[in-house]
Amino acid sequence: DLDATLITTETNAEIRRELVRKIGIERVCAALDAKVVDRAGDMYELLDLALSDGRRRPYLKMRNPSIGVFHIEGVHPNCQTVEEALRWRNRTSVGPNVLT
């Protein structure tokens with residue numbers, strides 16, 4: 001059984017993604033004491049996660065509509081809403097009309 005906190009020390013993004021896939025997004029979020037900061041429908045949540053170095057950082061939890069699977073992605077530390085996280089992720093100052 002893999003320890004979900006392994007993702008906080010792994011530096012390779014591909015390995016982290018595979019760890020999350022094998023462990024499961026809900027177990028990872030529980031292990032990292034995820035707090036929902038903001039929500040947009042059933043597709044997006046901005047989470048505050050506890051990292052192994054004692055910091056809390058925002059992560060955008062997104063559902064892939066084509067396969068229905070959730071994944072998380074780190075966003076800028078100043079992001080406080082889903083819209084801000086999507087703007088940062090998409091590198092634009094224009095907010096999305098439809099969250100996709």
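**Pocket, fold and one arginine**

Trainee: What does the lining of the largest pocket have by class?
Mentor: It has 11 nonpolar, 5 polar and 8 charged residues. Asp, Glu, Lys and Arg count as charged; Ala, Val, Leu, Ile, Met, Phe, Trp, Tyr, Cys and Pro as nonpolar; the others, Gly among them, as polar.

Trainee: Before we go on, what am I looking at?
Mentor: A predicted model, where local features need pLDDT of at least 70 and side-chain atom pairs need 80 or more, while totals for chains, interfaces and linings use all residues. Residues are numbered from 1 along each chain as its sequence is written, and side-chain values use heavy atoms, without hydrogens or water.

Trainee: Back to the pocket. Which residues lie nearest its centre?
Mentor: Ile7, Arg16, Arg17, Val20 and Ile72. They belong to a lining of 24 residues. A pocket here is an open set of points on a 1 Å grid where a 1.4 Å probe fits, with protein on both sides within 12 Å along at least five of seven lines; lining residues have an atom within 4 Å of a point.

Trainee: Which element gives the largest share of that lining?
Mentor: Helix α1, with 6 residues. That helix spans 13-23, and strand β4 covers 70-74. Each of the two supplies at least two lining residues.

Trainee: How many helices and strands does the chain have?
Mentor: There are 3 helices and 4 strands. Both are DSSP runs: H or I over at least four residues for helices, E over at least two for strands.

Trainee: In what order do the elements run?
Mentor: From the N terminus on, the order is α-α-β-β-β-β-α.

Trainee: What size of box do the C-alpha atoms fill?
Mentor: Roughly 40 × 30 × 25 Å, taken along the principal axes.

Trainee: And how much of the chain is buried?
Mentor: Buried residues make up 28% of the 100 residues.

Trainee: New topic. Where is Arg57 found?
Mentor: In strand β3, which runs over residues 56-63.

Trainee: Why does Arg57 count as partly exposed?
Mentor: Because its relative accessibility is 22%. Buried means under 20% relative accessible area, exposed over 50%, and partly exposed in between (1.4 Å probe, protein chains only).

Trainee: What does Arg57 touch?
Mentor: Leave out residues up to four places away in sequence, and Arg57 touches Leu47, Asp48, Leu49, Leu51, Val75, His76 and Pro77. Contact means heavy atoms within 4.5 Å.

Trainee: How far apart are the C-alpha atoms of Arg57 and Pro77?
Mentor: They are separated by 6.0 Å, and the two residues sit 20 positions apart along the chain.

Trainee: What about contacts between residues 24 or more positions apart?
Mentor: They account for 28% of the chain's contacts with a separation of 6 or more.
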